[in-house]
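Work through the exercises below with the sequence and the model open. Try each task before reading its solution.

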Amino acid sequence: MSSSRRRLLVACSLVFVALAGCEYDWGQFIAHPTVEDRVRENLSGRLHAPGPVAVDPDSFSFAMFGDPQVEHDNVNNLGRLKADVSAKGIAFFCALGDFTEHSTPDEHDSIVKDFQSVGIPYYATIGNHDLYQPDGWEWFKTTFGPSCYPVVIADRVKLIFLDTADGLLGPTQFDWLESELDDGGRYIKIVGTHFPVFDGPEPAMGRTASTGERFKLQHLLQKYGVHSIVSGHIHGWRHTVVEGVNHFICGTMAPGGFDYGSGKGYLLFTFAHDSLSWQRVVFD
Amino acid sequence: MLVGSDARWQVHRRFGITGGVALSLVQHNGLSALALGADASLLDFGDIGLAAGVRHEQWNDWQAGENRAFGLVTAGPTRGLELAAGAAYRAPLFAAGRYASPFNWQSPVPEWNLLYRVEWTFLRRKQAEVSAWIANVDRFTVHNPQQVPFGLRGAYNLGREWNLLGRCGTAINGLSGLILSLGEVAVEVGVQREF
């Protein structure tokens, strides 16, 4: 993507936000539960995290994507993912936040039906759009469970979902993350979250905010041999390897033109022969 | 907690050189940051000038560091108001054994960031002045585009060439997602001696 196109899209996005903002609850931009609030609730044990799905332990595939961002018209790209489920043998999918555009009740209903219509199990973590109404966090946790949690698939691949809906991780989530990563090298580890850590040579605003948090997170990913960190938010595709850690911005499933020219699609991981490979799937 | 020191040499009426060093005492013990810079006043009209510098910042516990080079166009269009805008090249470093070098500019994730600084001195007395600032570049740090740092700065003349300086600030985080939150509050206190 060219930098001029990128800046234009950022400007268009801001204009879009200004125009569409009447459906947001503007107070939530400030009054939302903080990441510390949400993480402490996640770790309280009161929220039920989804368990491991049953897969062929020797070979399985799963999709990761972000930002379906359905609106009232319920236009989205999940039907195209559904079409790939059989063809590509996708056992489950991971949705990395921003499920709806405005987080309104009708959009909530739509996205849950759409997720279920794909017909395979799924895991979810939260994005900033999911907090745009006063009941956003309540809806998320009662519908999907915690926003940060681990799950181990086939006793070999560990998925760790982080809550970065504010663009921050916070100290409690960092402590929890390190305890989850410190597994003695038993698992192939993938971290899934909404905000990316890096966003190329001319980044706009859309990545985790704090310099200290970004450097600490990269340190932990390196230290514990994480295979990949996968994120959304940017509505584009990017793959960067930083000291052996794959950083993916996995494209977008959003309707409309809000992508950086990389097309709609998802990231497909395949576990086979005790190793993990990946493939970018772009919808035609 | 950081302990820092910096110095400024006004080589010429229109040209100055700055340098600084900061040490971490509680976490990341050891060297935290190095700074070297220069600034020049080009035009008396509007106090138009240029500033440039290099910075090195490191976090020893995380074996991570970053080298930065930056340039700014500065202006003082009216008394008490200072403006600056420019760009920084950042080279984050994560390789063990290389992150601590201020001379290593090979990064897997280099990037360019826009810089800005607005400072308004709204209170000026014989012995003291207080300013409000919004800036993503300061003595040792360049903040991410996702943050909007702001705060207050004050100076108090202790007599003769000694000044007491104070600065406090925080940052609005999360702009791109519109889920806003304030970062940690940073407080700096120091003394300045003019020679």
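**Exercise 1. Chain B as a whole**

What radius of gyration would a compact globule of 195 residues have, and what does chain B have? Then describe the make-up of chain B.

*Solution.* Keep in mind that this is a predicted model.
- Step 1. A compact globule with 195 residues would come near 16 Å. Chain B has 17 Å, which agrees.
- Step 2. Check the extent: the C-alpha trace of chain B spans about 50 × 40 × 35 Å along its principal axes.
- Step 3. Count the elements. Chain B has zero helices and 12 strands.
- Step 4. Look at burial. In chain B, 24% of the 195 residues are buried.
- Step 5. Look at contact range. Take the contacts in chain B between residues at least 6 apart in sequence: 39% of them join residues at least 24 apart.

**Exercise 2. One glycine in chain B**

Is G169(B) buried or exposed?

*Solution.* 
- Step 1. Find the element: G169(B) sits in strand β10 of chain B, residues 162-173.
- Step 2. Apply the cut-off. A residue is buried if 20 or more other C-beta atoms lie within 10 Å of its own. G169(B) has 20 C-beta neighbours inside 10 Å, so it counts as buried.
- Step 3. Leave aside the neighbours within four places in sequence. The contacts of G169(B) are then P149(B), F150(B), G151(B) and A186(B).
- Step 4. Compare with a residue 153 places away along the chain: the C-alpha atoms of G169(B) and G16(B) are separated by 26 Å.

**Exercise 3. Chain A as a whole**

How many helices and strands does chain A have?

*Solution.* 
- Step 1. Chain A has eight helices and 11 strands.
- Step 2. The C-alpha trace of chain A spans about 50 × 40 × 40 Å along its principal axes.
- Step 3. Buried residues account for 48% of the 284 residues in chain A.
- Step 4. Among contacts in chain A between residues at least 6 apart in sequence, 75% link residues at least 24 apart.

**Exercise 4. The five-stranded sheet of chain A**

In what order do the strands of this sheet lie? Find the edges and the helix that crosses the sheet.

*Solution.* 
- Step 1. The order in chain A is β3-β2-β1-β10-β11. The sheet is open, with mixed pairing.
- Step 2. β3 (122-125) and β11 (275-282) of chain A stand at the edges. Each has a single partner strand, so one side of each lacks a neighbour in the sheet.
- Step 3. Neighbouring strands of this sheet are turned by 20° against each other on average, direction ignored.
- Step 4. Take one pair. β1 (59-65) and β10 (265-272) of chain A pair in the antiparallel sense over six bridges. Here F62(A) stands opposite F269(A) in β10(A).
- Step 5. α4 (78-88) of chain A lies across β1, β2, β10 and β11 of chain A, at about 145° to β2(A).

**Exercise 5. Strand β9 of chain A**

Which strands are joined to β9(A) by bridges?

*Solution.* 
- Step 1. β7 (228-231) of chain A runs parallel to β9(A), with four bridges. S231(A) has I249(A) as its bridge partner.
- Step 2. β8(A) runs antiparallel to β9(A), with six bridges. W237(A) stands opposite C250(A).
- Step 3. β8(A) and β9(A) form a hairpin with two residues between them. In the turn, E243(A) has a positive phi of about 50°.
- Step 4. Five of the six residues of β9(A), residues 245-250, are buried.

**Exercise 6. The buried side of α3(A)**

Which residues of α3 (35-42) of chain A are buried?

*Solution.* 
- Step 1. V35(A), R38(A), V39(A) and N42(A) are buried.
- Step 2. They cover an arc of only 95° around the axis, so they lie on the same side of α3(A).
- Step 3. The buried residues of α3(A) pack against α6 (136-144), β4 (149-153) and α7 (171-181) of chain A.

**Exercise 7. The contact between the chains**

How many residues does each chain give to the contact?

*Solution.* 
- Step 1. Chain A gives 32 residues and chain B gives 26 residues.
- Step 2. On the side of chain A, α2 (28-31), α8 (211-223) and β8 (237-242) give two or more residues each.
- Step 3. α8(A) supplies the largest share, six residues.
- Step 4. The side of chain A that touches chain B divides into 15 nonpolar, 12 polar and five charged residues.

Key: Residues numbered from 1 in each chain as written. Chains lettered and ligands numbered in written order. Predicted model: local features only at pLDDT ≥ 70, side-chain atom pairs only at ≥ 80, totals over all residues. Buried ≥ 20, exposed ≤ 12 C-beta atoms within 10 Å, placed from the backbone. Contact = placed C-beta atoms within 7 Å. Nonpolar A, V, L, I, M, F, W, Y, C, P; charged D, E, K, R; others polar. Pairing = 2+ DSSP bridges. Axes fitted to C-alpha atoms, helices over the stretch in contact; angles between N-to-C directions. Rg over C-alpha atoms; globule rule 2.2 N^0.38 Å. Arc of directions from axis to C-beta.
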